[in-house]
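Subject: Structure handover

Hello,

Here is the structure you asked for. Please look through it first; my notes follow below.

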Amino acid sequence: MHVAVVVYDGVFDSGLSAVLDVLDNANALGGQIHESSPTWNVTLVGPAPQVRTGAGFLVAPEPLEQADTADLLVVPALAGSDPSVLLDHVGGEASLALRDLIARTRDRGATIASACAGTFLLAEAGVLDGLRATTTWWLSPVFRDRYPKVELDHSQMVIGCEGVITAGAAFGHVDLALAIVRAGSPALADLVARYLVVDERPSQAAYTIPSALAQSDPIVAAFERWTREHLAEPIRIPEAADAIGVSERTLQRAVQRTVGTSPIRFVQDLRIERASHLLRTTDLSLETISRKVGYEHPNTLRVLLRDRTGKTTSALRGSR
C-alpha cells in the first residue's frame, strides 16, 4: 500500500512520528506472522520544499502531487491547544492546498485518515459531511458547532465510515495507525501493539472531562454547576431547567449542541466522574460512594462505571 503522510508548518510532532513509527514497525515485524503480510510504502508530502513542525524541526517532504496516486492519505494534527488558532488555520489560505488535496483524494475514492485536530481539515474540505466521525473530545463542541453536517461521536477512539478513518485526541494517532495496520492484518496489528506496549483504547469516554465541555456554553455551564450541587439527590431535568432559568427544551438543545448527548446522560457522566475520583482517592465503600453520587443501589453504579470507563471498581481502586 502506498501511503502519503501530509506534513505542514506546525504539524504535531508526536502525531506525525506515531504514524511513521507504527507503520515502520509493522513493515519490520511482518515476517514474524504466519500469513502473507502487507507492507506500507510511506511518502511524506507537503505544500513546500521545507516545512517546520510544531516543535521546530525541519522536514523536507515531496510535493503534494506525489499523493495523487496514493492508496491512503494520512493527515496528522496541527500542534497547539487554542481553538481559535486552529479554526483560523483550517479555514485560511495556509491550508488551502491541503484542503484541495483532501478533496481530490476523496473524489478519486482513496482512503483518508486523520486524528485529533487534523479531523478539522477533513471537515473543512467537506469530506466528512454526512459521515460518522470523531475528533479529540475537548474540541468536540467547537467541531460540532462549525460542522453540523458531520455525525460526531467524541466518545469513540477510532471511527471508520465510507473510506474515511478518524481518531480521537493527540495520542489517538497511535490508535489511528494501528487501525490502518489492522485493516490489512489484525494479527500484525496485535504484534505491533505488543512490541510498542500499546493498550487497546476503544473509547475516549474515560478521559473526557465533562466540566471542560460544559464551559463552551453558558446554559450548559450553569446546568453543570447546579447538577454538581445536587449530585446526591434525585435529579429531574424540568426542575434543573427551571432552577437555571431556561425551558426544558432549551436545556436539552444546549446540552445536545455542546456535548452531543442528552441532559440525563450528562448527569450520569458527572456522577461517574465523581464516583471514579472517590474510588481512586478514598477508602469509602461502594455503597457510600453510590449514595454520594445519587444511586441507591451500588450495582447500578458498578455497571455504569464498567460501561463508561471500561474498568471495574477494583481496577479503579488500584489506579490510585
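**Cysteines**

The sulfur of cysteine 116 lies 20 Å from the closest cysteine sulfur, which belongs to cysteine 161, and that is too far for a bond. A disulfide needs the two sulfur atoms within 2.5 Å, so the count comes to zero disulfides. Keep in mind that this is a predicted model. Cysteine 116 counts as buried because its relative accessibility is 9%. Cysteine 161 also counts as buried, at 17% relative accessibility; the cut-off is under 20%.

**Helix 1**

Helix 1 covers residues 13-29, which is 17 residues. At 1.5 Å a residue it should span 24 Å, and its end C-alpha atoms are 24 Å apart, so the two values agree.

Which residues of helix 1 are buried? They are Gly15, Leu16, Ala18, Val19, Val22, Leu23, Ala26 and Leu29. These buried residues pack against strand 1 (2-6), strand 2 (41-46) and strand 6 (72-75), and also against helix 6 (172-184) and helix 7 (186-196).

In soluble globular proteins, nonpolar side chains tend to be buried together. In this model the largest nonpolar core has 67 residues, and Val74, Leu128 and Leu188 have the most contacts inside it. Helix 1 gives the most to this core, with seven residues. Another core, of 18 residues, lies apart from it; among its members are Trp137, Leu213, Ala214 and Leu231.

What does valine 74 contact, leaving aside its neighbours within four places in sequence? Its contacts are Val3, Ala4, Val5, Val6, Val19, Ala113, Leu176 and Ile180.

Regards

Key: Residues numbered from 1 in each chain as written. Predicted model: local features only at pLDDT ≥ 70, side-chain atom pairs only at ≥ 80, totals over all residues. Heavy atoms only, no water. Buried < 20%, exposed > 50% of the residue type's maximum accessible area, 1.4 Å probe, protein only. Helix = DSSP H or I, 4+ residues; strand = E, 2+ residues; numbered from the N terminus. Expected span 1.5 Å × (residues − 1). Contact = heavy atoms within 4.5 Å. Core = buried A, V, L, I, M, F, W, Y, C linked by side-chain atoms within 4.5 Å.
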